[in-house]
2 protein chains.
Amino acid sequence: MYSLAEENYLKAIYHLEQQTKGEVSTNAIAERMSTKPSSVTDMIRKLADKKLLSYKRYKGALLTSDGRKTAANVIRKHRLWEVFLVEKLNFHWDEVHEIAEQLEHIKSEELISRLDKFLGSPDFDPHGDPIPDKHGNVKRTEKKLLSELNKKQRGVCVGVKESSSDFLQYLDKKKITIGTKVTVLGKEFFDGSMVIQVGRDQFFISKKIAENLYVQTN
Amino acid sequence: MYSLAEENYLKAIYHLEQQTKGEVSTNAIAERMSTKPSSVTDMIRKLADKKLLSYKRYKGALLTSDGRKTAANVIRKHRLWEVFLVEKLNFHWDEVHEIAEQLEHIKSEELISRLDKFLGSPDFDPHGDPIPDKHGNVKRTEKKLLSELNKKQRGVCVGVKESSSDFLQYLDKKKITIGTKVTVLGKEFFDGSMVIQVGRDQFFISKKIAENLYVQTN
DNA sequence: CACAATATTTAGGGTTGTCTAAAAAAACAT
DNA sequence: ATGTTTTTTTAGACAACCCTAAATATTGTG
Ligand SMILES: [Mn+2]
Ligand SMILES: [Mn+2]
Ligand SMILES: [Mn+2]
Ligand SMILES: [Mn+2]
């Protein structure tokens, strides 16, 4: 089994790979993990020795399929625990991430399999992120950022990009949650700000908000 | 907050104090933790510096009230998680200890408070052990070992001393669980073995079995 | 292309928690 | 009480992870 530190590196690299679509740089990993590039070099070497990723000096890291599977499994655990915390323990969706960061490292296949069943095998976590299956496969759905919509387009909120407490609490205040229907009433091309309709309310949102809300249009 | 290693030492010392009713020796701790006495010396120094226990060279360790409270809290978490695993995830009582050993180190007051409520604030874990309250207080009940009973006495099984898989599976085979009524039909003073009645069955048990089953007589 | 800026690695350490081997203290036995 | 056995501590080392500072490779710019 892998150590807590190793699992956290794998998870970080997994997420970064999705953005960069290719090798992940030492500095990017250091940034994401709030650690120093020299520490990253050490760890990446170790993970390469264990065949969890491939690494050539100065060329960045790329997960092997073993590494990708291991990372996906940690993410699966994280998201299942988040569902548990929200659905069963009635935590609010902005309170669960830190606790799930700890719970995701608990080692027991059986535990996760039973937890999954107990929760009704959910497909998404409380923030709308997909839960990988036990083989590490993620069902990708086509979703776009609210900021990509144009005037008069309509979408259903399916997730958040950021899930900081501040952002989630803002959404609550505006009565936006997973499943909420949003219509773009106006879009300002100068600053990307929008006026949107949510239920009976109409209000202004900045580009930053629109860039952190995922919607599905159908 | 305390490290995983520190919490495990505190827990071990807490349990040992209950047996020895006084200072706990370095060797006893080493034995219980499957570690070396020299490692124990290092750690109890550190815990003494942190005022979690008092320690004088060659004189063994004694938890301070801070240390005792911290230990009881870890045990509270362990036992609550065991209840969760058995009651909610349908684990068998012989499968939960190892997983609870990991879960007991998750750090979040709020999590435990909500978990406790979710489980209906149980007083005992699946093995009949009392769950300390949030202040670290344990409700002690008078229970005795089945081996202390004499011929014709009757008791209700309220817990197990050992909770190894082997022992718990033996109990299952004999249909003994928490709440089961047991009557001593015969007791052999030479080897401490007994013949007992459980439901409609009568059978022989060794002293070792009788010494690991707690009963309440009233 | 050369040089400056940036990214990455290497060298050398620190901390936590573990171990073995040896020294010292305490307990036991005659 | 003295010698032996057992317990406990000390000394020195190691693995996992992390850090700072310095060296080196890569990238970007004129
Ligand atoms: Mn999360
Ligand atoms: Mn999430
Ligand atoms: Mn247990
Ligand atoms: Mn238990």
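This is a predicted model: local features need pLDDT of at least 70, side-chain atom pairs count only at pLDDT 80 or more; totals for chains, interfaces and linings use all residues.
Which residue bridges the manganese ion (ligand 1) and the manganese ion (ligand 2)? Select A:Glu82: this residue bridges the two ions, which lie 3.4 Å apart.

Residues are numbered from 1 along each chain as its sequence is written, chains are lettered from A and ligands numbered from 1 in the order in which they are written, and side-chain values use heavy atoms, with hydrogens and water left out.

**Stop 1: the manganese ion (ligand 1)**

Display A:His78, A:Glu82 and A:His97 around the manganese ion (ligand 1). They coordinate this ion through NE2, OE and ND1 respectively, at 2.0 to 2.1 Å. Donors here are N, O and S atoms within 2.8 Å of the metal (3.2 Å for Na, K and Ca); water is not among the atoms, so sites may look incomplete. Along the chain, the donors of ligand 1 have the spacing H-x3-E-x14-H. A:Glu82 belongs to helix H4 (residues 65–88) of chain A and A:His97 to helix H5 (residues 97–103) of chain A, so the pair ties together parts that are 15 residues apart in sequence. Helices (H or I, at least four residues) and strands (E, at least two) are DSSP runs, numbered from the N terminus.

Is A:Glu82 buried or exposed? A:Glu82 counts as buried because its relative accessibility is 2%, whereas A:His97, at 32%, counts as partly exposed. Buried means under 20% relative accessible area, exposed over 50%, and partly exposed in between (1.4 Å probe, protein chains only).

**Stop 2: the manganese ion (ligand 4)**

Move to chain B and select B:Glu82, B:Asp125 and B:His127, which coordinate the manganese ion (ligand 4) at 2.1 to 2.5 Å. B:Glu82 also coordinates the manganese ion (ligand 3), and the two ions are 3.4 Å apart. B:Glu82 lies in helix H4 (residues 65–88) of chain B, and B:Asp125 in the loop between helix H6 (109–118) and strand S3 (144–145), 43 residues apart. B:Glu82 is buried, with a relative accessible area of 1%, and B:Asp125 is also buried, at 6% relative accessibility.

**Stop 3: helix H2 of chain B**

Select residues 26–33 of chain B, where B:Thr26, B:Ile29 and B:Ala30 are buried. These three cover an arc of only 100 degrees around the axis, which puts them on the same side of H2(B); the arc is that of the directions from the helix axis to the C-beta atoms. The face turned away from the buried side carries the exposed residues B:Asn27 and B:Glu31. Just after this helix, B:Ser34 takes a positive phi of about 50 degrees.

**Stop 4: DNA strand C**

Finally, select DNA strand C, which 20 residues surround; the closest are A:Arg45, A:Tyr55, B:Ser3, B:Thr35 and B:Lys46.

A polar side-chain atom of A:Thr26 lies 2.9 Å from a phosphate oxygen of DNA strand C, and one of A:Arg57 lies 3.3 Å from a phosphate oxygen.

Conventions. A residue is near a molecule or strand if one of its heavy atoms lies within 4 Å of it. A polar contact is a pair of N or O atoms within 3.5 Å; within protein, one must be able to donate a hydrogen and the other to accept it, and residues adjacent in sequence count only if both atoms are side-chain atoms.
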